[in-house]
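Here is a short note for someone opening this structure for the first time. Please read the points with the model in view.

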Amino acid sequence: MTEQSVAGSENAAHDIQRLKRNAVGTVGVIFMAVATAAPITAMVGNVPIAVGFGNGSHAPAGYFVATVVLGLFAIGYATMAKHITATGAFYGYISHGLGRIVGMAAGGLITMAYVVFEASLIGIFSFFFQNFLDSQLGIHIHWIIPALLMLATNAILTYFDVNLTAKVLGVFLVTEIVMLALGAVAVLFRGGGPDGFAVNEILNPAGAFSPATGIVGASAGLGLFFAFWSWVGFESTAMYGEESRNPKRIIPRATMIAVLGVGVFYVFISWMAIAGTGPQQSIELAQDANTASEIFFAPVRDTYGEWAITVFNILLVTGSFACGMAFHNCASRYLYALGREGLSRGLQKTLGATHPTHGSPYIASFVQSAIALVIVLSFLFAGMDPYVHMYTLLAILGTMAILIVQSLCAFSVISYFHIHKNHPESKHWFKTLVAPGLGGLGMLYVVYLLWEHKDTAAGTASGTLLFKLTPWIVVSVFVLGAALATYFKLRDPRRYGLIGRIVYDEAVERD
């Protein structure tokens, strides 16, 4: 798996280890990207909050707005993917578009985001697993048991060929989609709910920017934020480019399918759930955490019976597991991408190493498992709750970091094609200028929404020290990355030249 590659300058040739080529196709990449969004968790977890405390029955309109903004971002992102294939994805793209200093800062930030997201999903998986055993079988176990089980399973599965992970995620993802679709289709064929399909009350795009009617303290911004939150991880398509069969074709296609496909699905599923329950009744149910899930459960129960709710609860467990495993893959590949750059020979031989048989970033994967274990045990010894604290706080931290990096990536597309004038054949007034520009501004707006509503998003965990430190952690990681790149620029130009420059052989970019 070791090959010779030139990166950064003519004198920078050095041995690097590559991930396994031709290991996964378009469908596999889509499965792994969409799994990070965890459709069933996004719908059952985020929609009720948007309905009860955000933009009310217009929550699906919020998902439509998010689809448009993310679609614009994806157009530029996909165009960049045609020319740069890098496991570091954002790290590589931003390094080429906005320079190595910003690229290294963004690389550190996005790596931190994916690292904590696995621990976050372990938290919600443990919560769902514990609740399912307690409610269905009368068995009570401590949440740390399913947490350790998930950690071990992720480490084992990602040790092997990425295609194995894609197949496992594919099974879980398909079952999630089928379950959500069963409830939605039932509502569709019976003509909606008490008020029919209530199209204007639910899908009017203007309603996405209006707070829930009659709810004191409701904020449309909160609803929009939770809509955007539901897509976190879709951009991971690009990091599988080196392992895909035809990255210049597969990655752009998979990115657009993941963004737009998920968007259409989210809008339809949330629309049918609210219409089936009734717009006003949905808002009332969403006000209470004990009844919020009935927005989705009630139509399913009425149509198929109580057994379907049991299946729904099982899929909440498997869906959160699939999401956590997908984020484990993302974090491992970012650690691997940073390690193999050659910024440190020691890191290159460890984090930057691939398995001689499976072609997986196995050492980076084990390091990620160790970091996640430390985080999980920290919450355990601090006496914190896996859902209220670990899931919520780490998700907010990771989401804030990812949204900032996504914004930078959008603007890096503009810089890459229009300022640095790379690949004039792909330069386009809409695809590489207007679309990423609007997408980037939209992302910055969502960062603002998160900042404005971070207390509400955190709920009872908003009083913790970690919550108060979240913005400072994000800033510190960004500044540390920029400082490291600046140090290399001043003291070691050869290493500075390597930043973000390890790309797939057939798509080498040097400047």
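**Salt bridges**

1. Arg 301 and Glu 306 form a salt bridge, with their closest N and O atoms 3.0 Å apart. The model is a predicted one. Glu 306 counts as partly exposed, at 48% relative accessibility.

2. Arg 301 has another partner. It forms a salt bridge with Glu 294 as well, and here the closest N and O atoms are 2.8 Å apart. Arg 301 itself is partly exposed, with a relative accessible area of 26%.

3. How many salt bridges are there by this rule? The count comes to three. One of them joins Asp 492 to Arg 495, with the closest N and O atoms 3.4 Å apart. Asp 492 is partly exposed at 23% relative accessibility. Arg 495 is partly exposed too, with a relative accessible area of 25%.

4. Look next at helix α5, residues 100-137. Its 38 residues should span 56 Å at 1.5 Å a residue. The end C-alpha atoms are 54 Å apart, which agrees.

5. Is α5 enclosed or open? Of its 38 residues, 28 are buried, so the helix is largely enclosed by the rest of the structure. Gly 138 follows α5 and has a positive phi, near 70°.

6. Helix α6 covers residues 144-157. Its 14 residues should span 20 Å at 1.5 Å a residue, and the end C-alpha atoms are 20 Å apart, which agrees. The buried residues of α6 include Ile 144, Pro 146, Met 150, Leu 151 and Asn 154. Ala 147, Ala 155 and Leu 157 are also among them.

**Aromatic rings**

7. The whole structure holds 25 aromatic pairs. Tyr 114 and Phe 327 make one of them: the ring centres are 5.8 Å apart and the planes are at 40°, so the pair is tilted. Tyr 114 lies in helix α5 and Phe 327 in helix α13 (residues 306-339), so the pair ties together parts that are 213 residues apart in sequence. Both Tyr 114 and Phe 327 are buried.

8. Phe 125 and Phe 129 form another tilted aromatic pair, 5.6 Å centre to centre with 50° between the planes. Both residues lie in helix α5, four residues apart, about one turn of the helix. Phe 129 counts as partly exposed, at 23% relative accessibility.

9. Some rings join in a group. Ring pairs link Phe 73, Tyr 77, Phe 90, Tyr 93 and Phe 234 into a cluster.

10. Charges also sit over rings. The charged end of Lys 454 lies over the ring of Trp 451, 3.8 Å from its centre. The charged end of Arg 100 lies over the ring of Tyr 496, 5.6 Å from its centre.

**Surface and loop**

11. Which residues make the nonpolar surface patch of about 210 Å²? Val 174, Val 178 and Leu 182 make it. Leu 182 is placed in helix α7, residues 162-189. This leucine, Leu 182, counts as partly exposed, at 31% relative accessibility.

12. Where is Pro 211 placed? Pro 211 is in the loop between α8 (199-203) and α9 (220-229). With a relative accessible area of 46%, Pro 211 is partly exposed. Pro 211 and Val 51 are 160 residues apart along the chain, and their C-alpha atoms are separated by 9.3 Å.

Definitions and conventions:
Residues are numbered from 1 along each chain as its sequence is written. This is a predicted model: local features need pLDDT of at least 70, side-chain atom pairs count only at pLDDT 80 or more; totals for chains, interfaces and linings use all residues. Side-chain values use heavy atoms; hydrogens and water are left out. Patches are made of residues with over 30% relative accessible area and no salt bridge: like charges are joined within 9 Å, nonpolar side chains (Val, Leu, Ile, Met, Phe, Trp, Tyr) within 5 Å. Accessible areas come from the Shrake-Rupley method with a 1.4 Å probe; for residues, only the protein chains shown count as cover. A salt bridge is a side-chain nitrogen of Lys or Arg within 4 Å of a carboxyl oxygen of Asp or Glu. Helices (H or I, at least four residues) and strands (E, at least two) are DSSP runs, numbered from the N terminus. Buried means under 20% relative accessible area, exposed over 50%, partly exposed in between (1.4 Å probe, protein chains only). Rings of Phe, Tyr and Trp (its six-membered ring) pair if their centres lie within 6.5 Å; planes under 30 degrees apart count as stacked, over 60 as edge-to-face and the rest as tilted. A charge sits over a ring if NZ of Lys or CZ of Arg is within 6 Å of the ring centre and within 35 degrees of the ring normal. The expected span of a helix is 1.5 Å times one less than its number of residues.
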